[in-house]
Amino acid sequence: MVTARRGSKTAAAGSAPEVGGEREAQAPAVRVLKKYPNRRLYDTQTSSYITLADVKKMVLDGQAFEVRDAKTAEDLTRSILLQIILEEETGGVPMFSTNALEQIIRFYGHAMQGVMGDYLEKNVQTFTALQSKFAEQSQGLAFSPELWTQFLGAQAPVMQNLMGGYVEQSKNLIEQMQEQLKQAGAMFPVMPGMPGMPGFGGKK
């Protein structure tokens, strides 16, 4: 399920039931999109078919929604979001370089996959928080690399607080994983192209 990022929006569908003449307090209903075998997406809120561009707008607007298979009710939200990312990466200005994509692929199936996923998510959250704070402090000034650099330079304590807890958690997790692997008589598998990290970039 994709959750709202900027304020909740009450969905038109799914009215709260009335009890004793008063409505029970309920969270806004999640907007459900159904995906049919013909690859078309159906919005149950508007009772109409929509496109990936419409789903992208929901994400940008911070609307809570989920995509379900029309027959099995399987959650397909992640696959739809990945399709949007693929279209952006191939049709617009790509965010990930070829090298970055290769490095991410190398983590799949690796002992550090979970740690890497948490690391990327935490960094995106940190960057989003900094971006919001920058927008508030810049007071409508035009964005420039120089202004962004000055802003980041003043945010060192904030960034340390945001990342400090995660760094400690990651350290503990890695230590636990290393201990488990040692007990199993194994080592972290080697991953080429990542020198300077335990278990990475080594040569046999």
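# Sheet, helix and salt bridges in a predicted model

Trainee: In what order do the four strands of the open sheet stand?
Mentor: The model is predicted: local features need pLDDT of at least 70, side-chain atom pairs count only at pLDDT 80 or more, and totals for chains, interfaces and linings use all residues. Residues are numbered from 1 along each chain as its sequence is written, and side-chain values use heavy atoms, with hydrogens and water left out. Pairing requires at least two DSSP bridges between two strands. The sheet is open, its pairing is mixed, and the strand order is S5-S4-S3-S6.

Trainee: Which strands stand at the edges?
Mentor: Strands here are DSSP runs (E, at least two residues), and helices are H or I runs of at least four, both numbered from the N terminus. An edge strand has a single partner, so one side of it lacks a neighbour in the sheet. The edge strands are S5 (48–50) and S6 (65–69).

Trainee: By how many degrees are neighbouring strands turned against each other on average?
Mentor: Axes are lines fitted to C-alpha atoms, for helices over the stretch in contact; angles run from 0 to 180 degrees between N-to-C directions. For this sheet average, direction is ignored. The value is 35 degrees.

Trainee: Which residue is the bridge partner of Leu33 in S4?
Mentor: Strand S3 (residues 31–35) pairs with strand S4 (residues 41–43). The sense is antiparallel, over three bridges. The partner of Leu33 is Asp43.

Trainee: Which residue forms a salt bridge with Arg31?
Mentor: A salt bridge puts a side-chain nitrogen of Lys or Arg within 4 Å of a carboxyl oxygen of Asp or Glu. The partner of Arg31 lies in strand S4, twelve residues away from Arg31 in strand S3. The closest N and O atoms are 2.5 Å apart. The partner is Asp43.

Trainee: Which strands does helix H2 lie across?
Mentor: Helix H2 covers residues 77–91. Its direction is about 110 degrees to S6. The strands are S3, S4 and S6.

Trainee: Which residue forms a salt bridge with Glu88?
Mentor: Glu88 lies in helix H2, and its partner in helix H1 (residues 52–61), 32 residues apart. Glu88 is partly exposed because its relative accessible area is 35%. The closest N and O atoms are 2.8 Å apart, and the partner is Lys56.

Trainee: Why does Glu66 count as buried?
Mentor: Glu66 forms a salt bridge with Arg68, the closest N and O atoms being 3.3 Å apart. Arg68 has 26% relative accessibility, so Arg68 counts as partly exposed. Glu66 counts as buried because its relative accessibility is 15%.

Trainee: Which residues form the nonpolar patch on the surface?
Mentor: Patch residues have over 30% relative accessible area and no salt bridge; like charges are joined within 9 Å, nonpolar side chains (Val, Leu, Ile, Met, Phe, Trp, Tyr) within 5 Å. Accessible areas come from the Shrake-Rupley method with a 1.4 Å probe, and for residues only the protein chains shown count as cover. Ile85 of helix H2 is partly exposed at 43%. Together, about 500 Å² is accessible on Leu82, Ile85, Met95, Phe96 and Leu101.

Key. Contact means heavy atoms within 4.5 Å. Buried means under 20% relative accessible area, exposed over 50%, partly exposed in between (1.4 Å probe, protein chains only).
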